[in-house]
Amino acid sequence: MLILTPGAATLAQLETIWREGLAVRLDDAARPGIVASAARIEAAAAGDAAVYGVNTGFGKLASVRIAPEDTATLQRNLILSHCCGVGPALDAPAVRLMMALKLLSLGRGASGVRPVIVELIEAMLARGVTPVIPEQGSVGASGDLAPLAHMAAVMIGHGEAFVGGERLPGAEALARAGLAPVTLGAKEGLALINGTQFSTALGLIGLFRAMACARAAVVTAAMSTDAIMGSTAPTRAEIHTLRGHQGQIEVAAAIRALLEGSAIRESHREGDTRVQDPYCIRCQPQVTGAALDVLRFAARTLLIEANAVTDNPLVLSDGSIVSGGNFHAEPVAFAADQIALAVAEIGSIAQRRIALMVDPALNFNLPPFLTPAPGLNSGLMIAEVTTAALMSENKHLANPCSVDSTPTSANQEDHVSMAAHGARRLGLMTRNLAVILGVEAIAAAQGIEFRAPLTTSAALTRVMAALRARVPAMGEDRYLAPDLLAAQDLVENGTLAAAAGVEIAS
């Protein structure tokens, strides 16, 4: 069980929720604010003044007044009518993170929901009731309406949910977990479906996966440098402090440390006829370091959003209930685009290092395609082609989503963020990047082993051992697809970075 304090959740906590599937509960200190805002909404629902979403219709229908006796029907109809998601179901860890983010937002005491709403979400997380959330249907403004409606539908006994690996109707799923549906009060349905929690959850997951890849990229870059007998002179500290970018400084220092003590490196300090290495070797700190800085900037945005109140209208500290636009996910859309750019560029330069290593014209006396018997064997020829395909795909996917918009809801919602699919694409992009880096690790390990009896550094020797535990050295050609998947897993689960001792903070 993880206790979250609304407004103060950390990236580490959110990543733990995603990776470990922990149950989540709000700190008890949040309860008075939740109770106070719910009371204010209850009073407004019973009053004569029109308050959007409390005693009116929604969107273009906001001018339609709703009688107090129809409050529950209004909220129920809102949820059911907005369950218009399509496409495959979101995976359970992502749904659970989305639900935790909704708790954080409601827990700030500005949404007007009763404690029973918060308690039901907490109980669903604790008892493994995971709503079926279709991935597509949100434009990232007026909230992630369709995805969040599918979550809320389960809470009122509709929709579908997974319990114990079984997909069940919502009411049955709740009953299986010993829970009962809730009847929504004034504004509660609107509070549940307004908000950026779907987009933010996927943005955060993209960030966590991208950071794991960035750490692995530092390791594979160092391996590639040794494999092609590259120079470490471009990693000297003063070069990078003269420029001053923090990510660049950190990446250069990490690569420098990883190559410390390499006999391969020492063997060509003198007499090497090459004056400079290609950019993919020489400019690793400048590219991967810049990507790291971008990821950190996006991380700050997403952490703010994770702790934010993003539904509408809001109960402000003076008791007023005011319509605003916090549901507009433009910050998330920008963050997702930034992550996408960083992921594409890390993969782009890594792919060039792979191409360098398999090319006998450029790899400084390594065999073609890193096979001991070229011609009879193709070695890593097509593995490199696969990385080229994935690199190209990521370049296309990196085109910004935030600059797109289309009017919706009869032009009431006439500018939208497109944050949802902007964040959703990060899953595919980071998987592509992990494959590229996994193939780089395989290629670099082959190259380093071809330098025997010269050896690499102690740190990279540990990395080699971790890789070889899953991916044997290549002699004659073999069925390679499982090796690529194994190497991808070593990137994604942090094994390569951990073996090297690389510690780069988010």
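Predicted model: local features only at pLDDT ≥ 70, side-chain atom pairs only at ≥ 80, totals over all residues.
Close-up 1. Cys-213 takes part in no disulfide, and the nearest cysteine sulfur, that of Cys-280, lies 19 Å away. Because a disulfide requires two cysteine sulfur atoms within 2.5 Å, the 19 Å between the sulfur of Cys-213 and that of Cys-280 rules out such a pair. Cys-213 is buried, its relative accessible area being 1%. Cys-283 is likewise in no disulfide. For Cys-283 the nearest cysteine sulfur is again that of Cys-280, at 9.0 Å.

Close-up 2. Strand 6, residues 160–163, pairs with strand 7, residues 166–169, in the antiparallel sense. Four bridges make up this pairing. Ala-161 has Leu-168, in strand 7, as its bridge partner. The two strands form a hairpin, with two residues between them. In the turn, Gly-164 adopts a positive phi of about 60 degrees.

**Close-up 3. The largest pocket and its lining.** The space in the largest pocket amounts to about 350 Å³. Its lining consists of 23 residues. Nearest the centre of the largest pocket lie His-82, Ser-142, Leu-145, Ser-409 and Glu-413. Three helices each supply at least two residues of the lining: helix 3 (71–81), helix 6 (145–155) and helix 8 (188–193). Sorted by class, the lining of the largest pocket comprises 10 nonpolar, 10 polar and three charged residues.

**Close-up 4. The second largest pocket.** About 270 Å³ of space lies in the second largest pocket. The pocket is lined by 17 residues, and those closest to its centre are Asp-91, Leu-202, Arg-424, Gly-427 and Arg-431. Two or more residues of the lining are given by helix 9 (197–227) and by helix 17 (419–450).

Close-up 5. Helix 17 provides the largest share of the lining of the second largest pocket, namely seven residues. By class, this lining divides into nine nonpolar, two polar and six charged residues. Among the residues closest to the centre of the second largest pocket are Arg-424 and Arg-431.

Conventions: Residues numbered from 1 in each chain as written. Heavy atoms only, no water. 1 Å grid on protein atoms, 1.4 Å probe; cavity = no way out; pocket = protein on both sides within 12 Å on 5 of 7 lines; lining within 4 Å. Points joined across faces, edges and corners; volume = space filled by probe spheres on them. Nonpolar A, V, L, I, M, F, W, Y, C, P; charged D, E, K, R; others polar. Buried < 20%, exposed > 50% of the residue type's maximum accessible area, 1.4 Å probe, protein only. Pairing = 2+ DSSP bridges.
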